[in-house]
Amino acid sequence: MTPTSAQDIRDAAALLASATDVTVLGHVRPDADALGSALALGRALLKRGAKVRVSFGEPDEAPETLRWLDEDGLLTHPDDLPDTEALLVCVDTPVPKRLGRLAGRVELAGAVLVIDHHATNSFYGGCNVVDETAEASAILVFRILDALGVELDEPIARGIYAGIVTDTSGFRRASPETHRMAARLLEAGVDAEAVVRRIVDERPFTWLPMLSSVLREAELEPEAAQGRGFVHAVVREDAARTVRAEEVESVIDVIRSVREAAVAAVLKQDLANPGQWQISLRSVGIDVSAVAAEFGGGGHRQAAGCTIAGPAEEVLAGLRSALERAPLL
């Protein structure tokens, strides 16, 4: 994959400049990058006079920690979307499958713009702004808004900042260019402390007993992952039901801190289908996007995910096997 070109950015800006009716989609179980990017772009188009909707396939409501980013009430339930769109924009979504029940809209739309930074992107749009070297899809949205001549206001800047600060792990993996972008977002009025506190830091008390029960059964396998170490934990249905989805997703950030393991995995039992597990993978030095791809998932080389059916022990065995074949970075 080659980094997106200046022409790709200009083509996307031209497509958006003439749009009057747009649906912006993020991936299922949207994170701050997907939803922040979509809402920032949606507000910018709304201010230009377009009719805009922002949606995602599941769950039925946005994560509580991200709803406050929707300054304009753009979030739309899938059942309330029109039959088709003149322009469909898919943000932070490498393949249509990651749109969940909304995947079929890609084929029905008049035009499709894809804005994404995943290495596994399949370039399924008529216009694609795809760059694996961008730390967040929000960065690509920022570049497009610049090409459109959009003046940043605080809500637009807040959505972009939310995507960048979370996908760079608090700017620990941010380039000099990304830090310069952040400065512009702060100058537009973003309260950096409030964004991080509301999205990342604040947890309900119920998070503590859930985390305690999960970590109690965490396991370290020093010889796994080609001898680099594999640590994993399981969030079972009974524990997951005690907290919000945000708290379940946060477990991987605790597990990944184990220094004896190059790869961390969290198996999260699907509440709608307890026979399935949503898998979060993180790594240092091993391409976990290749592991996820073996199970129909994808993502980044050091952060990926997939869904696997079966008993937890069998799922872990499959992951162990795939890790032995995964390319080294």
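Leu220 stands opposite Val231 in strand S7, where S7 (residues 230-235) is joined to S6 by 3 bridges and the two strands run antiparallel. Strands here are DSSP runs of E with at least two residues and helices are runs of H or I with at least four, numbered from the N terminus, and two strands pair if DSSP finds at least two bridges between them. The model is a predicted one, in which local features need pLDDT of at least 70 and side-chain atom pairs count only at pLDDT 80 or more, while totals for chains, interfaces and linings use all residues. Residues are numbered from 1 along each chain as its sequence is written, and side-chain values use heavy atoms, with hydrogens and water left out.

S6 and S7 belong to an open sheet of 6 strands with mixed pairing, in the order S6-S7-S8-S9-S11-S10. Strands S6 (219-221) and S10 (298-299) each have a single partner strand and stand at the edges, so one side of each is left without a neighbour in the sheet. Helix H11 (residues 245-255) lies across S7, S8 (263-269) and S9 (276-283), and runs at about 160° to S8; angles run from 0 to 180 degrees between N-to-C directions, and axes are lines fitted to C-alpha atoms, for helices over the stretch in contact, where contact means heavy atoms within 4.5 Å.

Elsewhere, the axes of helices H2 (residues 32-47) and H4 (residues 137-148) come within 8 Å and cross at roughly 15°. H2 and H4 are therefore roughly parallel to each other, a term used for angles under 35 degrees. Their contact is made by Asp33, Ser37, Leu41 and Ala44 of H2 together with Ser137, Ala138, Val141 and Leu145 of H4.

Terms used:
Angles under 35 degrees count as roughly parallel, over 145 as roughly antiparallel, 65 to 115 as roughly perpendicular and the rest as oblique.
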